[in-house]
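Please examine the model shown here.

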Amino acid sequence: MKTQREIRNSFWEYIKEIDPNLAMEFRRKKRQNEYKTDIRCFFVQYVDDLHRRRVISDKLANRVTL
């Protein structure tokens with residue numbers, strides 16, 4: 001993955017598999033801090049996992065927001 005958009009899209013697909021109820025919270029116009037804490041925590045863990053597996057760069061891991 002090379003862009004923040006790719007990470008976010010991948011994350012929402014992941015959430016659909018894990019918890020469809022949380023996935024229904026997705027709104028394109030919502031900002032990161034407007035999402036529930038559970039979603040934000042899942043996102044941080046997801047990005048951390050991508051970074052540890054070297055799927056994304058240090059720079060992208062530090063810059064990406066939900």
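This is a predicted model: local features need pLDDT of at least 70, side-chain atom pairs count only at pLDDT 80 or more; totals for chains, interfaces and linings use all residues.

Residues are numbered from 1 along each chain as its sequence is written, and side-chain values use heavy atoms, with hydrogens and water left out.

Q: How many salt bridges does a search of the whole structure find?
A: Side chains of opposite charge can pair when their charged atoms come close. The criterion is a side-chain nitrogen of Lys or Arg within 4 Å of a carboxyl oxygen of Asp or Glu. Over the whole structure, the number of salt bridges found is five.

Q: Which residue forms a salt bridge with Glu25 at 3.6 Å?
A: Helices are DSSP runs (H or I, at least four residues) and strands likewise (E, at least two), numbered from the N terminus. The pair links distant parts of the chain, 11 residues apart, with both partners in the loop between helix 2 (20–23) and helix 3 (37–52). Glu25 is also in a salt-bridge network with Lys30 and Lys36. The partner whose closest N and O atoms are 3.6 Å apart from those of Glu25 is Lys36.

Q: Is Arg52, which forms a salt bridge with Asp48, buried or exposed?
A: Buried means under 20% relative accessible area, exposed over 50%, and partly exposed in between (1.4 Å probe, protein chains only). Arg52 and Asp48 are separated by about one helical turn because they are four residues apart in helix 3, and their closest N and O atoms are 3.0 Å apart. Asp48 is partly exposed at 33%. With a relative accessible area of 66%, Arg52 is exposed.

Q: Which residue meets Asp49 in a salt bridge?
A: Asp49 has 36% relative accessibility and so counts as partly exposed. The N to O distance in its salt bridge is 3.0 Å, and the partner is Arg53.

Q: How many aromatic pairs are counted?
A: Rings of Phe, Tyr and Trp (its six-membered ring) pair if their centres lie within 6.5 Å. Ring pairs link Phe11, Trp12, Tyr14, Phe26, Tyr35, Phe43 and Tyr46 into a cluster. The count of aromatic pairs is six.

Q: Which helix gives the most to the lining of the largest pocket?
A: On a 1 Å grid over the protein atoms alone, a pocket is an open set of points where a 1.4 Å probe fits, with protein on both sides within 12 Å along at least five of seven lines; lining residues have an atom within 4 Å of a point. Of the 16 lining residues, the closest to the centre are Arg8, Trp12, Phe26, Arg28 and Leu66. With six residues, the element that gives the most is helix 1 (residues 4–18).

Q: Which residue other than glycine has a positive phi near 60 degrees?
A: Most residues other than glycine have a negative phi. The residue concerned is found in the loop between helix 3 and helix 4, and is exposed at 76% relative accessibility. The residue with phi near 60 degrees is Arg54.

How values were computed: Rings of Phe, Tyr and Trp (its six-membered ring) pair if their centres lie within 6.5 Å; planes under 30 degrees apart count as stacked, over 60 as edge-to-face and the rest as tilted.
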